[in-house]
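Me: I'd like to go through this model with you, pocket and helices included. Can you take my questions one by one?

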Amino acid sequence: MPQKLTNVLVAGRCVSTDRYMQSSIRVMPGCFITGQAIGVAAAMCAEQGCDTRGVPIAQLQRRLKDLGGYLPNC
Ligand SMILES: Cc1cc2nc3c(=O)[nH]c(=O)nc-3n(C[C@H](O)[C@H](O)[C@H](O)COP(=O)(O)OP(=O)(O)OC[C@H]3O[C@@H](n4cnc5c(N)ncnc54)[C@H](O)[C@@H]3O)c2cc1C
């Protein structure tokens with residue numbers, strides 16, 4: 001989520017991270033994980049009538065896990 005923008009979500013190669021994180025997130029698994037996360041987050045915004053900063057993160061994580069998403073730390 002860009003720091004100064006609302007209702008803009010970014011996935012895949014164009015996400016901004018520090019150098020160490022970028023080395024792993026820039027390849028395809030990181031791209032599809034972030035893509036699935038923002039797709040589900042956008043759907044939740046539409047369902048709940050909230051903007052991207054209002055998405056309940058715990059609920060988003062639960063939905064991603066229910067969909068078989070890869071969230072090893074949750
Ligand atoms: C040479 C090379 C080798 C790689 N090898 C590997 C590898 O072995 N394993 C691995 O996991 N990763 C590899 N990667 C990294 C991986 O391919 C990319 O990180 C990943 O594909 C990025 O996905 P993305 O969806 O973010 O962007 P992209 O796959 O670049 O998709 C962006 C899409 O947006 C389109 N687009 C751009 N501008 C517009 C516009 N204005 N309007 C509409 N559409 C637009 C583009 O045409 C493109 O289809 C490699 C990358 C390169 C360049």
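Me: Which helix gives the most to the lining of the largest pocket?
Reply: Quick ground rules: this is a predicted model, where local features need pLDDT of at least 70 and side-chain atom pairs count only at pLDDT 80 or more, while totals for chains, interfaces and linings use all residues. Residues are numbered from 1 along each chain as its sequence is written, and side-chain values use heavy atoms, with hydrogens and water left out. Helices are DSSP runs (H or I, at least four residues), numbered from the N terminus. With seven residues, the top contributor to the lining is H2.

Me: What volume does the largest pocket have?
Reply: A pocket here is an open set of points on a 1 Å grid over the protein atoms alone, where a 1.4 Å probe fits, with protein on both sides within 12 Å along at least five of seven lines; lining residues have an atom within 4 Å of a point. Points are joined across faces, edges and corners, and the volume is the space filled by probe spheres set on them. For the largest pocket that comes to about 760 Å³.

Me: Which residues are the closest to the centre of that pocket?
Reply: The lining of the largest pocket draws at least two residues from each of helix H1 (19–25), helix H2 (28–48) and helix H3 (57–66). Of the 27 lining residues, the closest to the centre are Val10, Ile33, Thr34, Ala37 and Ile38.

Me: What does H2 span from its first C-alpha to its last?
Reply: H2 has 21 residues. The expected span is 1.5 Å times one less than the number of residues. That expectation is 30 Å, and the helix comes close to it, reaching 30 Å.

Me: Which residues does Val40 touch?
Reply: Val40 lies in helix H2 and is buried, with a relative accessible area of 11%. Its C-alpha is separated by 9.7 Å from that of Leu67, 27 residues apart along the chain. Leaving aside residues up to four places away in sequence, Val40 touches Leu60, Arg63, Leu64 and Leu67.

Me: And which residues does Ala11 touch?
Reply: Ala11 sits in the segment before H1 and is partly exposed, at 21% relative accessible area. Not counting residues up to four places away in sequence, Ala11 touches Thr34, Gly35 and Ile38.

Me: What is the phi of Asn7?
Reply: Most residues other than glycine have a negative phi. Asn7, in the segment before H1, is exposed, with a relative accessible area of 51%. Its phi is positive, near 65°.

Key
Buried < 20%, exposed > 50% of the residue type's maximum accessible area, 1.4 Å probe, protein only. Contact = heavy atoms within 4.5 Å.
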